[in-house]
Amino acid sequence: MLTKRTLLLGGLAGGLLALGLPAHAQGRYPDRPIKLIIPFSAGGQFDIVARMLAQFASTELQQPVVVENVAGSGGNIGAARVANAAPDGYTLLVLGGNHAIAKSLYAKPGYDVTKDFSPISMVSITPHVVLVNAAMPIHSMAELVAYAKKNPGKLNYATPGMGTSMHLTFEMIKAHYGVDITHIPYRGGANALTDLSGGQVNLGIIGIAPAQEFLNAGRIRALAVTSKGRSRALPNVPALSEVGYPELNAGSWLGIAGQRQMPAEIVARWHGVVRAFQDSPTNRQRMEEMGFRIEPTTAEQFQKFIASEVEAYGKIVRDNKITAD
């Protein structure tokens, strides 16, 4: 005879199996190491924040959160790997603006950012910084524009990759100022910074955090940040809004996501971890000093934000006729 307790337990087990989880998994997540996929090479701004979060999450969850860099194709290879992984909370993605861009830039990116993920939370936003090799006779945006117009097609600029938010932002800058500068895409910000500091490329547009070491060493020079106002991390560097491009307000956002069918309780668990990370005064101070602005969201707010970014970046790609070729 089936008692009320038997029916209750049977229903609970059936519900867990429907989610793709064994009945004993309820309340036990995580019971093994978690993999956090960074879809870019080590040393870039995604990498810096993700490793901070992974270290914090390892303590919060009492399980190792292992970072793995899976670079290539503007962040698409790593994102596709996570999209096709089991939705069990053990393979998560560091998600960014590049993935919103991919929907309009690539014919087959390998995933759909609006359909194939369970957004967990936004983590941070940071402006880009326009950089020049220190040996170049350019010390301001005005000098850059004048030099580029006098030497059309002779300058080049590095980005962390084709189709990244840095790439689209610099194409907008080129169009606004009416200059001809060649794009040189790299596999991540660290590689771009290495060649920029060594003089293999003239200019670059990278995140503030990975650029600071090179700026402090005097091997590159900052011309402007792409936010509406100046960055606390680079207070002496003007915003583009101050030097002839008042309508521009661009940057890189970063968040965490799992697969589309990831259980709601795991999304909630990770959302709590991210929020605790953001609420930590030590983490907040360190992030702000590197140029990152903490940006708490609910999972639903993050999902709506991603959809709005897909639409906004799609318009930029179309208006500027940007291709991934």
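A residue is called buried when its relative accessible area is under 20%, exposed when that area is over 50%, and partly exposed in between (1.4 Å probe, protein chains only). The structure is a predicted model, in which local features need pLDDT of at least 70 and side-chain atom pairs count only at pLDDT 80 or more, while totals for chains, interfaces and linings use all residues. Residues are numbered from 1 along each chain as its sequence is written, and side-chain values use heavy atoms, with hydrogens and water left out.

By the definition above, L131 counts as buried because its relative accessibility is 0%. This residue lies in strand β4 (residues 117-133); strands (E, at least two residues) and helices (H or I, at least four residues) are DSSP runs, numbered from the N terminus. Leaving aside residues up to four places away in sequence, L131 touches several residues, among them L193, L196, N202, L203 and I220, where contact means heavy atoms within 4.5 Å. Between L131 and V243, the C-alpha to C-alpha distance is 15 Å, and the two are 112 residues apart in sequence.

Strands β1 and β2 pair in the parallel sense over five bridges, pairing being assigned if DSSP finds at least two bridges between two strands. Within this pairing, I38 has N69 in β2 as its bridge partner. From β1 the chain passes through helix α2 (residues 45-61) to β2 in a right-handed β-α-β crossover. Right-handed here means that, with the strands pointing away from the viewer, the path from the first strand over the helix to the second runs clockwise.

Side chains of opposite charge can pair when their charged atoms come close. A search of the whole structure finds 13 salt bridges, each defined as a side-chain nitrogen of Lys or Arg within 4 Å of a carboxyl oxygen of Asp or Glu. One of them joins E68 and K35, with the closest N and O atoms 3.3 Å apart. This pair links distant parts of the chain, since E68 belongs to strand β2 (residues 65-69) and K35 to strand β1 (residues 34-38), 33 residues apart. E68 is partly exposed at 24% relative accessibility, and K35 is likewise partly exposed at 35%.

A further salt bridge connects R293 with E295, the closest N and O atoms being 3.2 Å apart. R293 has a relative accessible area of 47% and is therefore partly exposed. R32 and D31 also form a salt bridge, with a closest N to O distance of 3.7 Å. Both residues belong to a network of salt bridges that links R28, D31, R32 and D88.
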